[in-house]
Structures are given as C-alpha cells and as structure tokens.
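The following note is meant for a colleague who is new to this structure. Please read the numbered points alongside the model.

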Amino acid sequence: MYDYIITGGGPAGCVLANRLSENPDVQVLLLEAGNPDSNPLIHMPAGFAKLTGESATWGYSTVPQKHLDDREVWYPQGRVMGGGSSINAQVYTRGHALDYDEWANEEGCEGWSFEEVLPYFCRAEDNIRLNNRYHGADGPLKISDPVPHRLTSTFVRAAQQAGFPYSSDFNGETQDGFGYYQVTNRNGKRSSAAVCYIKPVMKRSNLTIITKAVVTRVLVKNNRAVGVEYSKRGSKDVYQAMASQEVLVTSGAVGSPKLLQLSGIGPADHLRSLGIDVVHNLPSVGENFHDHMDVFLVSECSGDYSFDRYKPLHMNAWAGLQYLLFNTGPVASNLCDGGGFWYADPEARSPDIQFHFLPGSGLEHGLKKIRNGVTLNSALLRPKSRGTVRLRTSNPADTPLIDPNYWAEEYDRKMSVEGFKLAREIMSQPAFKPFIKQETMPGSELKTDEQIMAYARRYSKTDYHPVGACKMGGANDERSVVGPDLRVRGIEGLRVVDSSVMPRIVSSNTNAPTIMIAEKAADMIRL
C-alpha cells in the first residue's frame, strides 16, 4: 500500500516524486511506461535530434488534419524517464505574466495568477546567471546560458536591424524582443526532470520507481480513486497498486485524458460506444486540446557555416570526439540557442509569435535535406483552434485519436502567415548577406498569403507543446475537468498534474510551466 501513486515519469511526475517523498513518513510509487533515461543520447544536448524514433517516444501521429490537406502530423511524445524533458530542445521559457492572470481571472483558476505562480518558477530554478525577483538559484533545475553559434549571433543582430528590440531575459520583466534563450542544460549535459529531480533522490527508501510500467486504469471505488492497474512490458500479467491518499495522473498532454477515459471517466456516450463501463460521466475529458503549430523557413548557406557541416561521417566523428574529451562543440549545443517573441496581431495584448532559430537544417520531420542551411521557426502562441483526444478502442495498447484541429479558425491562419512574414523579414537583413545563398523552403517565389498558406498546409508541424485536454477551471466551469486544486471533478482522491490541465496554452515552450504546475501541486497535496 502506498500513500501516493504517480502515473507517469514525465516532468510533472518527477517533480511530484521528489517533493512528496521529502516526507519520510509517506510511501510514493512512481510508474513510468518508458525505459530509464540510460541512453547516452538523452544526456547529450544535441542528442534529441537522434531520439525521434519509438525508443524514447510513443510514435504518435495525429488524425488527418482537415485544415492541413488532411495530413497526419508526426506527433512525438516522450516515453522515457523524464518524459518530454528528456527529449526536448531544452529551451527554457515560461510564458507571459498575462497568461497566468487570464487563468486566474478569466478561467476561474483561483491561486494561479502570475504573482502566485512566480515563487514556484523560482523554487525550481538553479539559474547560472540570474538571481532576482524573477529567478532563483537554489532549485533542482539547472538553467544556463548557451555558447551561441556564430549564426545565432547573426540572427540576433539581424532582428535588431529589422527594428526589433534586444532582450536579455525572456523570463524577466518583459517578454518582447529577440536574443539568446536560456537552456535546461549545464556543462554539456541535459538538465532533464529525471536528472534534476529523480537522480538525487533515487535511494530514498520511501520512493519506489518502476519503469516499463504502463498504467492502464485508475481503480475507483465509491467515487474515490483507490489505486491503479498497470502492465509491464514483456509480461502478460496485470498488476495492481493501491493508494491510501491519492492517485496523481501525470501521464502527459495526451496520456492523461487517455487514461481517464480508459478508467471510465469521460464522455459517457464515447465510452459506451467502445464498451467501457462509465464510472463518471465527465464530458470535458479530452476536450479543449490545443497546441502551437510551427510554420518554418529554411535558407541555404553560401558556405559550410552551420551545424550541417558536421553531417559527413568524419566530421560527425570529430564532433563526438570533442564532446567526449571536453564536453564542448556541436554535441553540447541544444541546436536552438536563439529566438524571440513579437507581434503578428498589432492589437495583441502581448507577443503572439515565438521564433526559434536553428543554425542547421533537416530537423523538421519529412523534409528534403540540403547541404548546409539554417531554419527559422515561427509559431502562433495563442491559437483559437481547439481539438480533442479520444480513444480509438478500449485496448490500452492502441494509440489514441489525437486531433489538435490545427488552423480550424481563420484567425489562426491569418496570424500564422503574418508571423511567417516577420521571419522572412529577419532573414532578409544585411547581417545574413555574407552567409545566406537563398531561401529554399518555401522559396522566395512564393509571395502571396495564399501561397504561404498552401505551403504551411503541406509542411507545417507541431511545436511539441500540446495542452488542455484535462482543463482546469473554476467551480462553475462546465468545460473543466479539474478545479484549481487539480482534483478531478466528481472523484475523490484523484488529481491531474501536468500540461493537460492548462486551460489556455502559455505563450512559450511548455516544459518550465509544467514543472511549475507540479511544484505548486506538491504544496497543495501536502497541505
């Protein structure tokens, strides 16, 4: 018998396992479907580029996207200890203060305003450079400044030539501007939630960690979660674990709504259609699913200037040797060390486009590779389009029906195009003239909004930031799954703690906000 059972070892699950097991009088069980984070590529900052297969992800794709030429979009979600924090590009951003104020004031999420969540961002941080009102230096998560690539510095200069301000801290007083991202790595090693929150506490006698364990059902008795059912890879047996206090669902943006529905908690008609007994009719489970969609520009370099110069086998070996000997060089880079936040909609309340500059090409799934190039991603930060996560069958082993419903709203289409135009403006500045030969994707001949939209429908991709399908909301919000205390409505002893609870997506990458959510949840659980 455990006090707390945590259903996934992603960023939120790692935080909860650490914080809850600080009390030696409670027993904590952490179940993770993937392997331990023992693959060396996980710990190399650039290694994520080679972790796109099913060894560390679920191998998901979306359902055909109606507004993207009916394409099925490749949709990697972490399946390894540390979850997304073990396979992401390590960009450390939190979003805008108004994101959280809207959660509190417009979504009824009392206690989640920016001033109320800021202490949890700071508590998580061990920031190598910043220690002020907005940043901490004593937390588990190691935040560092990258050694910028020459072309990233060129990008930052080009943005200023285009008239955009420089920012020294996207997570400080103002988000506006362009500059260098801080990153979740340190001394050439990835700072995943597994490394920062789990590794230091693995020997605690009151913390049990089981990997390769897929939670298939939350066990509910008399409207109270009492445990979980799980399977272990390589075994046909079904296991049960019981919780005396709470079951904490941390299975991720896709996995958490999937698990609730498999447990009979969700829209009754959908569950009955699959032969699942309805434990609690909660129609909002799986609704409100949304994500950032990326429209990118690829340019060919006029020489071997970018990280692409390391693609040949002998250069690849040289980069590996440099990393092994000194923990430096291209392998020590997160491959995305610069970017910015600006406005596509002049009436936006804060920056509504995020840019990620990559001094290389070929990381975008399914593209033709060029010899040497750079990539500039642009993503609309607050899309209006909403989709769903639904079960395909009642079999836990079957992939769910993932539908972000990209570009369903005309506003999203229009603003995405305007954001792409800003990316083009930056790449056309004099700073890039010595380095850039031509735009290859989509190509400078595509100029009109209609042409850009056609390109985006064919090639746009996820920015890997899905949220919302277990929406948090106020007491009178019928569209919500959990309340501000993250308790599932109508079921005692059950909370959801991960990015799926975000009522609206934050205006940034989602790893840091997910860690913040879990830090705050840990305090609420321990009350």
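This is a predicted model: local features need pLDDT of at least 70, side-chain atom pairs count only at pLDDT 80 or more; totals for chains, interfaces and linings use all residues.

1. Helix α1 (residues 11-20) packs against helix α12 (residues 511-526) at an angle of about 35 degrees, and their axes are 8 Å apart. Axes are lines fitted to C-alpha atoms over the stretch in contact, with angles from 0 to 180 degrees between N-to-C directions; helices are DSSP runs (H or I, at least four residues) and strands likewise (E, at least two), numbered from the N terminus. The crossing of α1 and α12 is right-handed, that is, the near helix is turned clockwise from the far one by less than a right angle.

2. Residues are numbered from 1 along each chain as its sequence is written, and side-chain values use heavy atoms, with hydrogens and water left out.

3. How many aromatic pairs does a search of the whole structure find? The search finds 21, where rings of Phe, Tyr and Trp (its six-membered ring) pair if their centres lie within 6.5 Å, with planes under 30 degrees apart counted as stacked, over 60 as edge-to-face and the rest as tilted. The rings of Tyr100 and Phe121 have centres 5.8 Å apart and planes at 70 degrees, so this pair is edge-to-face. Tyr100 belongs to helix α3 (residues 97-106) and Phe121 to helix α4 (residues 114-124), so the pair ties together parts that are 21 residues apart in sequence.

4. Two backbone features deserve a check. The peptide bond from Met441 to Pro442 is cis, with omega near 5 degrees; Pro442 lies in the loop between β22 (436-441) and α11 (449-459). Asn327, a residue other than glycine, has a positive phi, near 60 degrees, and is placed in the loop between α9 (313-326) and β17 (338-342). Most residues other than glycine have a negative phi, and most peptide bonds are trans.
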